[in-house]
Amino acid sequence: MVTREDVLRAAALIRAGRLVAFPTETVYGLGANALDPAAVDSIFRAKGRPATSPLIVHVSSREMAQRYVRVWPNEAEVLSLRFWPGPLTIVLPKVQAIPDRVTAGLDTVAIRMPAHKLALELIEAAGVPIAAPSANRFTQLSPTTAGHVRAAFGDTVDLVLDGGPTNVGIESTVLSLAVPGSPLILRPGMVTQFDIEAAIGPVESVLSVQGAHPSPGMHERHYSPRTPLILSSELPSGRGVFVWWRYPKAAAKVLQMPSDPALYASRLYGTLHELDAEGWDFIAVEPVPETHDWAGIRDRLRRAASETLRGPEIA
Ligand code: TXA
Ligand code: MG
């Protein structure tokens with residue numbers, strides 16, 4: 001159990017420029033004071049993340065979010081009222097108080113208010129916005145438990161607040177409102193295009209716009225287990241696992257996932273972390289539906305399966 005004292009100790013560490021890992025409803029974050037460039041630098045060092053990948057700034061209220069952006073368009077008002085606290089990140093023009101390090105030199109900042117009691121208490125107690133990427137090493141699987149964070153970082157992180165397993169399970173939807181009148185989904189997540197359109201009208205998604213810029217720092221290989229992962233019901237040779245949700249198939253190990261996307265997402269990374277530790281030749285995953293509600297899961301599976309950057313480690 002995390003006590004009030006633990007939260008206050010974590011908040012003091014944040015204010016002192018140190019690193020604290022904390023739970024959100026999506027995945028665990030590796031947090032530092034977003035207003036302190038040196039503290040933000042240590043996030044990049046700990047993760048082995050290239051400085052060209054901007055971070056998400058976490059806030060504990062809509063008022064706090066508004067303090068760090070130059071404009072607050074009506075879409076931001078509507079979406080924040082509808083989905084915050086929750087797994088939707090909004091990209092808007094930043095104020096100068098947000099250091100360039102946080103945004104990788106961009107003039108915009110990604111902001112969200114997480115739906116997790118500990119995260120909100122921590123930000124509130126620290127009294128500053130907290131910059132946090134997912135608390136995994138660069139290109140590896142995102143953590144959905146405090147144990148995953150400790151396995152990845154050991155003592156490099158000053159404190160890990162253990163809030164148990166996260167429930168949404170994959171990273172937030174990232175929506176850019178930086179270009180007035182042209183909302184654009186940069187990263188799909190469990191707040192779907194359908195949900196967003198129901199609130200503010202038509203939005204585009206980078207996944208469907210030809211030639212559009214993906215989210216900066218969205219590397220093709222990402223969220224990957226070390227075991228080769230293939231997205232197919234055709235099994236390769238060797239001893240491997242088949243992860244299915246609809247049609248099972250014989251394999252050395254057969255694992256059933258939920259057919260509901262919210263449940264599937266909440267178990268995805270935990271399942272991959274476990275299977276990865278078991279030392280199989282491959283992890284084959286049955287393709288998931290092409291519908292909006294599965295878009296975030298499809299994206300993460302596709303990236304986990306990506307072979308493009310296998311071989312020499314990048315950064
Ligand atoms: O659910 C989440 O979003 C988790 C938890 C910890 O909040 N965080 C997370 O952070 O996934 P990270 O650093 O792994 O991913 C941040 C994403 C990247 O895709 C990055 O490109 C995008 O947000 N992003 C950050 N700032 C941006 C900006 N100014 N413009 C466009 N995209 C931005
Ligand atoms: Mg990440």
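Modeller: In helix H9 (261-277), the buried residues (under 20% relative accessible area with a 1.4 Å probe, protein chains only) are Pro261, Tyr264, Ala265, Leu268, Tyr269, Gly270, Thr271, Leu272, Leu275 and Asp276. This is a predicted model, in which local features need pLDDT of at least 70 and side-chain atom pairs pLDDT 80 or more, whereas totals for chains, interfaces and linings use all residues. Residues are numbered from 1 along each chain as its sequence is written, chains are lettered from A and ligands numbered from 1 in the order in which they are written, and side-chain values use heavy atoms, with hydrogens and water left out.

Helices (H or I, at least four residues) and strands (E, at least two) are DSSP runs, numbered from the N terminus. The 17 residues of H9 should span 24 Å at 1.5 Å a residue, and this agrees with its end C-alpha atoms, which are 24 Å apart; the expected span is 1.5 Å times one less than the number of residues. At Leu268, which is among the buried residues, H9 bends by about 40 degrees, the bend being the angle between axes fitted to the seven residues ending there and the seven starting there.

H9 and helix H7 (146-153) are the elements that give two or more residues to the lining of the second largest pocket, and H7 supplies the largest share, four residues. A pocket is an open set of points on a 1 Å grid over the protein atoms alone where a 1.4 Å probe fits, with protein on both sides within 12 Å along at least five of seven lines, and its lining residues have an atom within 4 Å of a point. This one holds about 220 Å³ of space and is lined by 15 residues, of which Gln140, Leu141, Ala152, Arg226 and His273 lie nearest its centre.

The sheet is open, with four strands in the order E11-E14-E12-E13 and parallel pairing, where two strands pair if DSSP finds at least two bridges between them. E11 and E13 (253-256) stand at the edges with a single partner strand each, so one side of each has no neighbour in the sheet. In strand E14 (residues 282-285), Phe282 and Ala284 point one way and Ile283 and Val285 the other, and all are buried. Ala284 has Ile230 opposite it, and Phe242 also stands opposite Ala284. Four bridges join E12 (residues 240-244) to E14, and four join E12 to E13, where Gln256 is the bridge partner of Trp244.

Key. Grid points are joined across faces, edges and corners, and a volume is the space filled by probe spheres set on the points. Buried means under 20% relative accessible area, exposed over 50%, partly exposed in between (1.4 Å probe, protein chains only).
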